[in-house]
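Look over the fold before reading on.

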Amino acid sequence: MYIDEVGNPDLDSSENPLHRFLSLTGVIVNLEYVRLKLHPQMEQLKSEYFQHHPDEPLIFHRKELVNAKYPFHALRDRELRARFDEAVLHHLYEWEYIVISVCLDKKSHKETYTVWRYDPYHYCLALLLERYTFFLEQRQTRGDVMAESRGGKEDKRLKKSYSKLWEKGTQYIGPERFHNAFTSEQLKVKPKSSNISGLQLADIIAHPSRNEILRENNLLTQEIAPFAQRVIRVLQTKYYQRDGLMYGKKFL
């Protein structure tokens, strides 16, 4: 499962509307499928629409794509943008992956738990790993977890949170279930420059998924852009569901 984070875990910033919410989106995809389909098709998409040096891999990043910033400045051409958007949507629909998104209202969390509180990131990660465990157990297989590197202190926070869950489990899942479900006791953290296709896929869908959850809970203050709305429609076919119940979206 590849994880992307939208927002920050700082509770002190929860009063600021721009920083009120933290979401983690996990994309579950088979590694052999990544090798044979996802990675080569994503690289082909890049080479078809953008010029880049083979020694400097092009990394998809949602914000730069949306704003047509370098190295995606070719998207300032409306016709090329339209073709690229259609190609991306086609791949998002055709690629085989499962999505789990957890979104926390930090303001509500801070007001509800005035004495003792979960660390926001740890709280979201716990829910994400619980549902990933359900997925793995249902399929009688094991999996790993990777997140994008954000720097020294941030990486230590990510790894510490994962290790704590590995060692102690959660209220609902004991550590032995995590040990049986996950192949590693440590969270894998890779920099953006590593060109990990799973992390790029998570980056593309994390923001639309978070906005969908906020909209469902009447907490979204701005309109969702047309392209993001189409991504959200695709995600309806990708969210993790089990026994007819929705496990792919959780608002806290």
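What share of the 252 residues of the protein counts as buried? The figure is 49%. This is a predicted model. The fold comprises nine helices and eight strands. Its radius of gyration is 18 Å, close to the 18 Å from the globule rule for 252 residues, so the protein is as compact as a globular protein of that length.

**Overall build**

- Along the principal axes, the C-alpha atoms fill a box of roughly 55 × 40 × 40 Å.
- Among contacts with a separation of 6 or more, 74% come from residues 24 or more positions apart.
- The accessible surface is about 13500 Å². Carbon and sulfur atoms hold 48% of that surface.

**Nonpolar cores**

- The largest nonpolar core has 36 residues. Those that touch the most other members are F50, F60, F84, L92, Y97, L201 and I205.
- Four helices, α1, α3, α8 (197-216) and α9 (226-235), each supply at least two residues of this core.
- A second, separate core holds 33 residues. Among them are L24, I28, I173 and A181.

- The structure contains 12 aromatic pairs.
- One of these is F50 with F84, an edge-to-face pair.
- Ring pairs join Y49, F50, F60, F72 and F84 into a cluster.
- Beyond its neighbours within four places in sequence, F84 is in contact with L45, Y49, F50, F60, L65 and L75.

**Charges over rings**

- R157 lies over the face of Y121, 4.5 Å from the ring centre.
- K238 lies over the face of Y93, 6.0 Å from the ring centre.

**V102 in its strand**

- V102 sits in strand β3 (residues 98-105). Is V102 buried or exposed? V102 is buried, with a relative accessible area of 0%.
- Leaving aside neighbours within four places in sequence, V102 is in contact with L22, S23, L24, C124, L127, L128, K250 and L252.
- C124 is 22 residues from V102 in sequence. In space, their C-alpha atoms are 6.0 Å apart.
- L24, one of the contacts of V102, also belongs to the second core.

**Backbone points to check**

- Most residues other than glycine have a negative phi, and most peptide bonds are trans.
- The bond joining Y70 and P71 is a cis peptide bond, with omega about 10°. P71 lies in the loop between α2 and α3.
- Q140 is not a glycine, yet has a positive phi of about 50°. Where is Q140 found? Q140 is in the loop between α5 (120-138) and β4 (146-148). At 76% relative accessibility, Q140 is exposed.
- D243 also has a positive phi, near 55°, and is a residue other than glycine. D243 lies in the loop between β6 (241-242) and β7 (245-246). The relative accessible area of D243 is 71%, so D243 counts as exposed.

**P191 in a loop**

- P191 is in the loop between β5 (188-190) and α8.
- With 36% relative accessibility, P191 counts as partly exposed.
- P191 and E64 are 127 residues apart along the chain. Their C-alpha atoms are separated by 17 Å.

Methods: Residues are numbered from 1 along each chain as its sequence is written. This is a predicted model: local features need pLDDT of at least 70, side-chain atom pairs count only at pLDDT 80 or more; totals for chains, interfaces and linings use all residues. Side-chain values use heavy atoms; hydrogens and water are left out. Rings of Phe, Tyr and Trp (its six-membered ring) pair if their centres lie within 6.5 Å; planes under 30 degrees apart count as stacked, over 60 as edge-to-face and the rest as tilted. A charge sits over a ring if NZ of Lys or CZ of Arg is within 6 Å of the ring centre and within 35 degrees of the ring normal. The radius of gyration is taken over C-alpha atoms; the globule rule is 2.2 Å times the number of residues to the power 0.38. Buried means under 20% relative accessible area, exposed over 50%, partly exposed in between (1.4 Å probe, protein chains only). Contact means heavy atoms within 4.5 Å. Accessible areas come from the Shrake-Rupley method with a 1.4 Å probe; for residues, only the protein chains shown count as cover. A nonpolar core is a set of buried Ala, Val, Leu, Ile, Met, Phe, Trp, Tyr and Cys residues joined through side-chain atoms within 4.5 Å.
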